[in-house]
Amino acid sequence: QVQLVESGGGLVQAGGSLRLSCAASGGTVSIYAMSWFRQAPGKEREFVAVMWSGGVKSYGDSVKGRFTISRDNTKNTVYLQMASLKPEDTAGYYCGASPSGSGWKSPRYWGQGTQVTVSS
């Protein structure tokens, strides 16, 4: 059973940066498709970023060029570096892990989420 714990959320002004962390236990992030999703109140869950075991990355259109997903295998942790933040980035951010690369859209394992609030 993989457990994921996110951290790093908080309140930031528009234009600022934050780095979210997703620490994994019970599984190795390097062999999973690790992803980030977000959900704002009253809105559907939105794909943010994914990193497959081979290192290939993909981003949602709304964050492309501003957010970067990475991982540290020695710490078994995945990161989401967020820059040029906008008020519309305000949401709960959730880390996901998929044993199957093709199952990244519906991760088997989820973290509890961390809140990001961007003020204008």
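# Briefing: salt bridges, strand pairing and core

D89 and R38 join their side chains in a salt bridge, with an N to O distance of 2.8 Å. D89 sits in the loop between β8 and β9 and R38 in strand β4, so this pair ties together parts that are 51 residues apart in sequence. The model is predicted.

**Salt-bridge network**

- The count of salt bridges comes to four.
- R38, E46, R66 and D89 are linked in a network of such bridges.
- D89 also forms a salt bridge with R66, and the closest N and O atoms are 2.8 Å apart.
- R66 lies in the loop between β6 and β7 and D89 in the loop between β8 and β9, so this pair ties together parts that are 23 residues apart in sequence.
- R38 has a further salt bridge with the side chain of E46, at 2.8 Å from N to O.

**Burial of the charged residues**

- D89 has a relative accessible area of 0% and is buried.
- R66 is buried, as is D89.
- R38 counts as buried, at 5% relative accessibility.
- E46 is partly exposed, because its relative accessible area is 31% and the buried class ends at under 20%.

**Strand β9 and its partners**

- Seven of the eight residues of β9 are buried, so this strand is largely enclosed by the rest of the structure.
- β9 runs antiparallel to β4, and seven bridges join the two strands.
- Within that pairing, R38 has Y93 of β9 as its bridge partner.
- Opposite G92 stands Q115 in β11.
- Strand β10, residues 109-110, pairs with β9 over two bridges, again antiparallel.
- The bridge partner of G96 in β10 is W110.

**Nonpolar core**

- The largest nonpolar core holds 30 residues.
- L4, M34, W36, L80, M82 and Y93 touch the most other members of this core.
- Two or more core residues come from each of β3 (18-25), β4 (33-39), β5 (46-51), β7 (67-72), β8 (77-82), β9 (91-98) and β11 (114-119).
- In soluble globular proteins, nonpolar side chains tend to be buried together.
- Leaving aside residues up to four places away in sequence, L80 touches L18, R19, L20, W36, V48, A49, F67, T68, I69 and Y93.
- Among these contacts of L80 are W36 and Y93, which are also listed with L80 as touching the most other core members.

**A loop glycine**

- G55 has its place in the loop between β5 and β6 (57-59).
- G55 counts as partly exposed, at 28% relative accessibility.
- From G55 to S70 the C-alpha distance is 8.7 Å, and the two are 15 residues apart in sequence.

Definitions and conventions:
Residues numbered from 1 in each chain as written. Predicted model: local features only at pLDDT ≥ 70, side-chain atom pairs only at ≥ 80, totals over all residues. Heavy atoms only, no water. Core = buried A, V, L, I, M, F, W, Y, C linked by side-chain atoms within 4.5 Å. Buried < 20%, exposed > 50% of the residue type's maximum accessible area, 1.4 Å probe, protein only. Helix = DSSP H or I, 4+ residues; strand = E, 2+ residues; numbered from the N terminus. Contact = heavy atoms within 4.5 Å. Pairing = 2+ DSSP bridges.
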